[in-house]
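Work through each task before reading its solution.

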Amino acid sequence: MDIAEFIVRELQRILPPDRPLPLHEPSFEGREWAYLKDCLDTGYVSYLGGFVDRFEGMLADYTGARRAVAVVNGTAALQVALRLVGVERDEEVLLPALTFIGTANPVVHLGAVPHFLDVDPETLCLCPERLATHLAMIAEPRGDGFVNRKTGRRLAACVGMHIFGHPADTAALNLALRPYGIPLVEDAAEALGSFRQGRHAGLDGRVGILSFNGNKIVTCGGGGAILTSEESLADLARHLTTTAKTPHPWGFSHDMIGYNYRLPNVNAALGCAQMELLPEFLRRKRALAEAYDQAFSAMDGLRFFREPPGCASNYWLCALLLDRPDPGLRDAVLARTREAGFLTRPVWTPLHQLPVYAGCPRAALPVTDDAASRIVNLPSGPRIRVKTGAVAVRATTCPDVSPEQAGLGEHP
Ligand SMILES: *Cc1c(COP(=O)(O)O)cnc(C)c1O
């Protein structure tokens, strides 16, 4: 049997009969209606009302971040995060080439320049060794920081991204950055519910961000959050994202040029209801990943992309890795599975291959280019329940993560 045919057969065996089956659609099965009704009944649809504070509290509690600041989307969260760590116009920000464009756009929104780096072949996240080698080659001390010796621009920050929800090795990234004093910012947009050694993604950078877009594990319709352990940064984030309005009983004044990025109460209401469902969503996603893993490890020529050792991933987007870097084969798999009603997708076009980013500084990117031609993302939404009998029972609990954290505990 050819690979495409085998994949279709296994998807039919594992997945429920809905066709077409979307790649990742949201699921509203908790208190969403009740909380939205509360917003409309009280009239608190915008900044005021209790859901924003409650949502921020739930995020801080769940992730273990000291503070969470809710904003309109993940892209805005990253823009503010970069500003918080001091990125300015005409500076450079290091980031992986294999990511969604939302990792790079905020850099440009600040007038800075993305500098693309390669990913690790095992984790597909920013590679700490390649980062260290590249910095040793291009970084030159100037003033109180380091510049790119080719462009003369200050290396202002590095953004690590947790691909498909799998935790990046952020401790190793911090080690590589430390000699240069470059701050790490974590784009954990995809990684709510993902843990490495029991620690939630997004906490090892000075600032981390989450997204609650419609296609993420938990959605507010649109939304994002800034995570940090530094109170002063969280306060500044809150101030900047509420048009830098100075607190006063009636006066209306502003002391900085801020942003109108605060998350509205209606979106936060959805977010609160969704956060209550997160443990159940994680349980379903991990069961689905387990079924995919069992099914596809049996076939030569491909493998299921697993969480790294010591990690409990949210498996936001499940992915197959074809052995051969052959875009023809990948496209045949995409065409065949989509024809059968499974809305599979290739990974994002690597950013340096996009005309708008082609002129940016970059390292050699062989792993990125190779991986991009081999990845097929599979239906992964939180509504999907694996067909009974399609997965052999096997413990999936990561020893370093409590069952509740990993989403394997009982749902109330
Ligand atoms: C979704 C996503 C973003 C952007 O989040 P939005 O809320 O859609 O603005 C940024 N980076 C990555 C890696 C993402 O997956």
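**Exercise 1.** Which element gives the largest share of the lining of the largest pocket?

*Solution.* The model is predicted, so local features need pLDDT of at least 70 and side-chain atom pairs count only at pLDDT 80 or more, while totals for chains, interfaces and linings use all residues. Residues are numbered from 1 along each chain as its sequence is written, and side-chain values use heavy atoms, with hydrogens and water left out.

Step 1. A pocket is an open set of points on a 1 Å grid over the protein atoms alone, where a 1.4 Å probe fits, with protein on both sides within 12 Å along at least five of seven lines; lining residues have an atom within 4 Å of a point. The volume of the largest pocket is about 490 Å³, taken as the space filled by probe spheres set on the points, which are joined across faces, edges and corners.

Step 2. Its lining has 19 residues, with Tyr47, Leu48, Arg238, Thr242 and Arg262 closest to the centre. Two or more lining residues come from each of α3 (51–63) and α8 (231–241); helices (H or I, at least four residues) and strands (E, at least two) are DSSP runs, numbered from the N terminus.

Step 3. The largest share is that of α8, with four residues.

**Exercise 2.** Which residues come nearest the ligand?

*Solution.* Step 1. There are 15 residues around the ligand (a heavy atom within 4 Å). Gly74, Thr75, Glu190, Ser211 and Lys216 come nearest.

Step 1. By class, this shell has three nonpolar, nine polar and three charged residues.

Step 2. Polar contacts (N or O pairs within 3.5 Å) to ligand oxygen atoms involve polar side-chain atoms of Thr75 at 2.5 Å, Glu190 at 2.5 Å and Ser211 at 2.7 Å. The protein buries 94% of the 380 Å² that the ligand exposes taken alone (Shrake-Rupley method, 1.4 Å probe).

**Exercise 3.** Where is the cis peptide bond, and which residue has a positive phi although it is not a glycine?

*Solution.* Step 1. The cis bond joins Arg19 and Pro20, with omega about -5°. Pro20 belongs to the loop between α1 (3–14) and α2 (32–42).

Step 1. The positive phi, about 50°, is that of Gln197, in the loop between β8 (195–196) and β9 (199–200).

Notes
A polar contact is a pair of N or O atoms within 3.5 Å; within protein, one must be able to donate a hydrogen and the other to accept it, and residues adjacent in sequence count only if both atoms are side-chain atoms. Ala, Val, Leu, Ile, Met, Phe, Trp, Tyr, Cys and Pro count as nonpolar, Asp, Glu, Lys and Arg as charged, and the others, Gly among them, as polar.
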